[in-house]
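Okay, thanks everyone, let me put the model up.

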Amino acid sequence: MGANNGKQSGSEGKGSSSISSDLSSSTDQTSTKAPKNAATSEDSDLSMRTLSTPSPALILPPRSSSLSPAALFNGSSTSSSSFTAETIAMVHAPPTGLTRVGYRGARHLRDQQEALIDILPDHAFLQIFTHLPTNQLCRCARVCRRWYNLAWDPRLWRTVRLTGDVLHVDRALRVLTRRLCQDTPNVCLTLETVVVSGCRRLTDRGLYTVAQCCPELRRLEVAGCYNVSNEAVFEVVSRCPNLEHLDVSGCSKVTCISLTREVSLKLSPMHGQQISIRYLDMTDCFALEDDGLHTIAAHCPMLTHLYLRRCTRLTDEGLRCLVLYCPAVRELSVSDCRFVSDFGLREIAKLEERLRYLSIAHCGRVTDVGVRYVAKYCARLRYLNARGCEGLTDHGLEHLAKNCLKLKSLDIGKCPLVSDAGLEMLALNSFNLKRLSLKSCESITGRGLQVIAANCFDLQLLNVQDCDVSLEALRFVKRHCKRCVIEHTNPAFF
């Protein structure tokens, strides 16, 4: 197997294509003859393939093109890749009208370029390899023995990032973890981050592989992988005690985060069956209910960032349990949770000065009453998104402006009851305001914008789309807020 690491095998198709030797080692000057037919070529490729190196065909989707590893360094043109289930062959079309002498000259020039690449020291190669995605790193490992050893340096494999709708991600994870476990059998101690967001073919089998082989995992992102279920997530959080960042947004089958039953029985009551997750994104987990949120809060008391956008079955009771078990939450989003009301905001306000970020966009049951609770107790709030909260008026905005003096970003778009009076109170108190969205606020006029511009000099973004403001008001904002980007729908202003 080791003798094959320095050679690149290829196959000849039915057309007039020739075998590319761009990925050959600079020390190997011996040319290989083309096989007589496609069947002989395929057998040769299987015999020459490095079995311990994951094939890029497992990482890359079929019928895709990418740069060859040599092109990453010498700037050569893009090569077309033809993928099968297990192998990959780099094929180039031969130059037309090239004589034997010209071919030898071109090859000599190519060998000189490869020799220049080999001059680079190992640390330079490692620095370059750190910028390559997982699939290209696997391709580099198939160039020659030196690149193989460098590409599988443990320092390069703290993160595995796979993408693609048609990717066989379960098999790719199995092959990669098997190779990374060679030095430490059955355990990959270097891998800390796995990102497979958007890989819709990921199933519980792939997560079981990660859970069994990656005990040091700290970050897992499986956003949009709708075939993942609760059992696989339970397995990961139970076997990876250092997991801190978990993104299961769009995983519609996930309804809870908890330990497996076997692990729960082994833990002592003093341990409390706690999970070390601090960041949890469950956006678009439509099946999440109050009971599931209660279980999550009870098992993840160290949560600081929680995003529950469009979890439409949640109510105020779920938020009460969350605040009870997770007092350290700094960022919370319950956007589009239509059953959240002022009572839920009263519970959120119990987070007090720890809360920095709050999104209650399109929570139609929220009014000034709930906003007053948040403004009174969460004085260090930096970000508030209340877009679409039609019950919010100037009175609620006044409480917010007078109590949350460190507010930097505010979105009150589509709040028809907010007028220039509320903007005046905001301008006189929120001097640190940098981002303000007033999109589709029907009661806003140019006078309110001028007051904002005259007092909030650090304003960097202002959204007044679909607002009835004059051209003079927009120019006034531009003169007083030099760095402000104005998003508008007035064709006369530019």
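So, the aromatic pairs come to seven, counting Phe, Tyr and Trp rings (Trp by its six-membered ring) with centres within 6.5 Å. Quick housekeeping: this is a predicted model, where local features need pLDDT of at least 70, side-chain atom pairs count only at pLDDT 80 or more, and totals for chains, interfaces and linings use all residues. Residues are numbered from 1 along each chain as its sequence is written, and side-chain values use heavy atoms, with hydrogens and water left out.

Take Tyr-279 and Tyr-307: their ring centres are 5.5 Å apart with the planes at 50°, so we call that pair tilted (under 30 degrees is stacked, over 60 edge-to-face, the rest tilted). Tyr-279 sits in strand E8 and Tyr-307 in strand E9, 28 residues apart; strands here are DSSP E runs of at least two residues, helices H or I runs of at least four, numbered from the N terminus. Tyr-307 is buried at 6% relative accessibility, while Tyr-279, at 23%, is partly exposed (buried is under 20%, exposed over 50%, partly exposed in between, with a 1.4 Å probe and protein chains only).

Then there's Tyr-357 with Tyr-383, a stacked pair at 4.4 Å and 5°. They're in strands E11 and E12, so the pair ties together parts 26 residues apart in sequence. And those four, Tyr-279, Tyr-307, Tyr-357 and Tyr-383, form one aromatic cluster.
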